[in-house]
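Work through the exercises below with the model open beside you. Try each task before reading its solution.

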Amino acid sequence: MKLAYWMYAGPAHIGTLRIASSFKNVHAIMHAPLGDDYFNVMRSMLERERDFTPVTTSVVDRNVLARGSQEKVVDNITRKDAEEHPDLIVLTPTCTSSILQEDLQNFVERAQLEAKGDVMLADVNHYRFNELQAADRTLHQVVKFYLEKARRKGTLPDGKTQKPSVNIIGTSTLGFHSQHDCTELKRLMADLGIEVNEIIPEGASVHNLKNLPRAWFNLVPYRELGLMTAHYLQEEFGTPFVDITPMGVVETARCLRKIQQVLNEQGADVNYESYINEQTLYVSQAAWFSRSIDCQNLTGKKAVVFGDNTHAAAMTKILAREMGIHVVWAGTYCKYDEEWFRDQVSEYCDEVIISDDNGAIGDAIARVEPSAIFGTQMERHVGKRLDIPCGVIASPIHIQNFPIGYKPFLGYEGTNQITDLVYNSFTLGMEDHLLEIFGGHDTKEGITKGISADSDLNWSKDGLAELNKIPGFVRGKVKRNTEKFARERNIEQITAEVLYAAKEAVGA
Amino acid sequence: MTLADTQPQALNFECETGNYHTFCPISCVAWLYQKIEDSFFLVIGTKTCGYFLQNAMGVMIFAEPRYAMAELEEGDISAQLNDYDELKRLCLQIKRDRNPSVIVWIGTCTTEIIKTDLEGLAPKLESEIGIPIVVARANGLDYAFTQGEDTVLAAMAQRCPSKAPEGEKEKEERNGIQKLLNFGRKKEDVAADESEYVNHPPLVLFGSLPDPVVTQMTLELKKQGIKVSGWLPSKRYTELPVLEEGYYVAGMNPFLSRTATTLMRRRKCKLIGAPFPIGPDGTHAWIEKICSVFGIEPKGLEEREAQIWESVEDYVKLIRGKSVFFMGDNLLEISLARFLTRCGMTVQEIGIPYMDKRYQAAELALLEKTCQEMGVPIPTIVEKPDNYNQLQRINENRPDLVITGMAHANPLEARGINTKWSVEFTFAQIHGFTNTRDVLELVTRPMRRNNSLKDLGWDKLVRDEAKV
C-alpha cells in the first residue's frame, strides 16, 4: 500500500478510453462499478465537448459479484451495437474487473457473433500500466487489428502515395494542447509540401487505418503516445518514423532535418534549410527573443522543470539552450521511461529527478528556491504556497489548460507561445520581488464606507461568529445590508437570527 | 362526479437498467472531512478511486486536505503483503503527520472484492495506535454518490456516547458560575436559557450540513420552543451527540436511510418521519411534523412560509409553467421535484438512484399532495434509470430544464436543452426557509442566462446529423 494524496498519471483504463473516444464512431464499454465513468465528466467539462462521450458502463454490482457478469456484458455490447452502430466497440476492463478475472475475451467473441461492428477487448493490465502506457498500447492494438483485418480481406492498398506524405500519430482527446499542436503540425507539413495521409487517433475513422502504410513516414510528436504503433508500422511495412518532438527552435529544426533525410532516402530530393532559416530568424520570434535585452535579464536565473517526458525534456532544452536559464533540476513522472529522459536532459541541468511522488517534488522545489517553476497543475500549487511563479507545461491539467484560443506548443508558432509563457512567469516573479523590497502595493487599509465608527449597533458574539463564516469577498456587503436592515427596524443587537432574517428580507 | 374523478392518481414507480452516470460514493469524503474538523479520511482503494477524487474535487485537493488514498498495489491484491501491517504503517504515518481524533476508513470496490476484513482489522488497530477507526463501506458496487455519507454516518452513529458523561454536568455548573460572574452582561449565546424551550424529549438531527445551515435550522426550531440536543455529525468527532434509548431523531436529507435504520434499530431512537426541509413548503412540513410529535402547536409557520414565497416571487415567475426532467444521481430528486412542483413547474420524470419508500414516505406523500393541489400530473419515479433511454425521452418531450450530471450537461446544452448541473444541489446551501432563494438561484440560472442571450439564434450548436 502507498499513501497517496495526488497522482500524476491516471489509471490504465483512462488511457484506453482516451484512444477509443478520440476515434470517430468508436464506442467504449467499461466493465466497472457505478461511478467509474468519471471519464465522461472530464471530457465533457475539460474539452467542453458538444457530443455525448461514447463511453458507457456495463455495471459491476453485487449481482455480478455473486454470479459473474453472465449475459450482461454481451447484452450491453450488442445493445450498443444496435443503438448507435459504432464501427468498433472496445470492451475496457478496470481495476475492479481485472481482479474479478472474468473471461472478458470470451464475452467479446460471443458478442462479435451478433454485433455488426467490430468488438475488441483492450489488452491492458491495470496493476502494471498507467494511463500513458495503456494509451500507447491500445492505439497499437487498434491499428494492428485493422491492418491485419485488411490484409486478410486483401484490401490493403498497394504502395506509397505519389507525393511525400506523413501519418501524424499521437494526437488524442484530453492531451495537453493536443488539438492546437495538431493544427500547427498540419500547417508545418503543408509548408514543407508534405501531404498528411492520416492523423490518428483524434478524429480518425477506423476504416481509414488500412491506408496507414501509404505514408512515406510517420511523425510521432509525443514520446508517450504512438511509438508502439510507429515501431509496428516500421516492422510490418518498413515505414520509417521521426520521433523528434518539434518543440523549441532547435528541436523543430532537428525534426525537420530528420524528415528531410527520411524523405531523401526515399528519393524525394527536398531541402528544407532555407525554410528553417527563414522561420527561425524572421517568423518565429523566439530566436530574436533570445538575443533581446529581456532575455538577457533572465541569464543564469534558476528554474526547475517537471512533467511528462515529452514536455519536460523539451522545456529543459529550451530554457538551458535557447534562453540561458539555469535549470537546477529537471524531472519526469514517467518512471517507466526513465532512461530516455536522463539521456535527453542530463547535459542541460544539474540534476535529474525521477519520481511520481508529488510530496517529494514539492520538497525538491522548496529546497532549491527557483525563480520560476515549469510543471503541472500540482507544481503550480506548490508555487502558490511558496510564492514562486509557475508555467504549466504538462498534464495533469485543469480546464484553464484547454484554452479556446490558438496555443500550440509545437512548431514555430509553438516557440512563440512558449516564449510568452517563460517570459511572463519570470517577470511576474521579478515584480513580486520588487514589491516585497518596497513594502508591497498600497498597504493602507481602505476606510469602510457607509457605517461610521460611532454606530449604534451591536454585534452579538453569535452574530459575529456567523458573519465570519461568510466568505471574505461578500462579508462587507452582508454586514452593510444587515446593519441597514437592523437600523430600519430599530434592532439594537445583531444576532445570528437578525443576520439571517436580513438575508431573507433583502437577499443580503 | 364519479368516483374515478376523485380517486387521486397514485405515484407510479418504475425501475430501469441502472445504467446511469453518478459520482462514486467515496466523494463523500470531500464534504465530510471539511465538516468533521478533527477527522482524517483514508480511502483504501486503487488509482481509479484516487483519480476520481483528485479530479472531482478540483482545487480542494491542493489545500492539504485531511484525506488520502491507501493505494493498493499488486502485492496487496494477491495477498503477498499483509493488510494489517500495511494499514498500521500508513495509519501511524497519518497519526504522526496530522494527529487526527478519528481515522475513517472508506472501503471501496476493491476491498469488497478481495474481501479485506476492514471491520475486523479496525478494532485491533484502534487499540494498538490509540485513535478511533471508523469503517464505512462506501463503494460503487452497492451505493451511489450521496449514499456515501449515509454509510459514514451509520458507522458514526454506533460511536455516539450512550450516556451524557459526568463532565457535562460539571460544565453546566461551571457555566452557572460563569453566569454569575457575567451578571448584568448581555446574554449572547444561541444556546440560551432552558426557559425558552418547551419541555420535550431530547431531539438529535442527523445529516451533514454546512455550519451556517446548522445554525439556521437550530434557530428555526428554537422559535417553536424545540431544543436540538445534538447533530450527527458534529463539528468535531469528539463532540458526537449523546444518543440514549428513546431519544427522538429526524433526518435532514433524503439519502440517509441506513443512518435512520441504525439509529432506530441499534440505538433505539424514535425516528420522526417528515418531509425534508428543502424549500419553504418542505421546511414548513418538517417543522410542523416535529412539533406534532412533541405535541406543540406551531407558531407563525403559515405567515413565515408565505413571506418567503413572496420574497422569491421574482425567481418563481421565471419557472412557473415550465417543465423539468430529473435524470437522477444524488437522491435529492424527490424533495426538489416536490419543491419545484409547488413553484408551478411540471415534473416530467424523476430519475433517482435508489428509492427508500419507508424513509421517504412523508416526502412522497407531500409530493403527491402537492401535485394534486397544483393540478399537475403526478410524475413517474424511475429508480436505477437508464441514461440512454432517458436521453430518448428528453429528445421526445423537450423539457424546459434537465437536471443532470456533468457528463450530459454540455452535450444537452449544445442541442438546445437547458440543463442544471445536479451536483451543485449537494454542495449549495438548500435547506430551510432562509436558503430558498439559493435553490431557486440554481434552478433559474439557465433561464436567466437565456434571457441575456435571447435573440442571438444560437440555441442549437450541433449539426443536424449529430445523434442524441
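The exercises that follow use a predicted model.

**Exercise 1. The interface**

Task: Describe the contact of chain A and chain B by residues, area and polar pairs.

Solution. 
- Step 1. Start with the residues. Chain A puts 65 residues into the contact, and chain B puts in 87 residues.
- Step 2. Take the area. The two chains bury about 6700 Å² between them, and 58% of it lies on carbon and sulfur atoms.
- Step 3. Turn to the polar pairs. Between chain A and chain B, 26 residue pairs are in polar contact.
- Step 4. Ask what chain A contributes. Helix H2 (residues 38–46) of chain A gives the most to the side that touches chain B, with 6 residues. That side of chain A divides into 26 nonpolar, 16 polar and 23 charged residues.

**Exercise 2. Strands across the interface**

Task: Find the strand of chain B that is joined to strand S1 (residues 2–4) of chain A, and give its direction.

Solution. 
- Step 1. Pick one pair. A:Ala4 has B:Met69 as its bridge partner.

**Exercise 3. A strand and its neighbours**

Task: Is strand S4 (residues 88–93) of chain A buried or exposed, and which strands pair with S4(A)?

Solution. 
- Step 1. Check burial, which means under 20% relative accessible area. In S4(A), 6 of the 6 residues are buried, so this strand is largely enclosed by the rest of the structure.
- Step 2. Sort the side chains. A:Leu88, A:Val90 and A:Thr92 point one way, while A:Ile89, A:Leu91 and A:Pro93 point the other way. Side chains alternate between the two faces of the sheet in a regular strand.
- Step 3. Find the partners. Strand S2 (residues 26–32) of chain A pairs with S4(A) in the parallel sense over 6 bridges. Strand S5 (residues 118–121) of chain A also pairs with S4(A) in the parallel sense, over 4 bridges.
- Step 4. Focus on A:Leu91. A:Ile29 stands opposite A:Leu91, and A:Leu91 stands opposite A:Leu121 in S5(A).

**Exercise 4. A residue in a loop**

Task: Where is A:Thr239 found, and is A:Thr239 buried or exposed?

Solution. 
- Step 1. Locate the residue. A:Thr239 sits in the loop between helix H9 (227–237) and strand S9 (241–242) of chain A.
- Step 2. Apply the cut-off. A:Thr239 has 1% relative accessibility, so it counts as buried.
- Step 3. List contacts beyond four places in sequence. Among them are A:Lys160, A:Trp216, A:Phe217 and A:Leu233.

**Exercise 5. Salt bridges**

Solution. 
- Step 1. Give the distance. The closest N and O atoms of A:Glu483 and A:Lys479 are 3.5 Å apart, in a salt bridge.
- Step 2. Compare accessibility. A:Glu483 is buried at 3%, whereas A:Lys479 is partly exposed at 31%.
- Step 3. Widen the view. One pairs B:Lys222 with A:Glu497, at 4.0 Å between the closest N and O atoms.

Methods: Residues are numbered from 1 along each chain as its sequence is written. Chains are lettered from A and ligands numbered from 1 in the order in which they are written. This is a predicted model: local features need pLDDT of at least 70, side-chain atom pairs count only at pLDDT 80 or more; totals for chains, interfaces and linings use all residues. Side-chain values use heavy atoms; hydrogens and water are left out. Contact means heavy atoms within 4.5 Å. Buried area is the accessible area (1.4 Å probe) that two parts lose on being put together, summed over both. A salt bridge is a side-chain nitrogen of Lys or Arg within 4 Å of a carboxyl oxygen of Asp or Glu. A polar contact is a pair of N or O atoms within 3.5 Å; within protein, one must be able to donate a hydrogen and the other to accept it, and residues adjacent in sequence count only if both atoms are side-chain atoms. Helices (H or I, at least four residues) and strands (E, at least two) are DSSP runs, numbered from the N terminus. Ala, Val, Leu, Ile, Met, Phe, Trp, Tyr, Cys and Pro count as nonpolar, Asp, Glu, Lys and Arg as charged, and the others, Gly among them, as polar. Two strands pair if DSSP finds at least two bridges between them. Buried means under 20% relative accessible area, exposed over 50%, partly exposed in between (1.4 Å probe, protein chains only).
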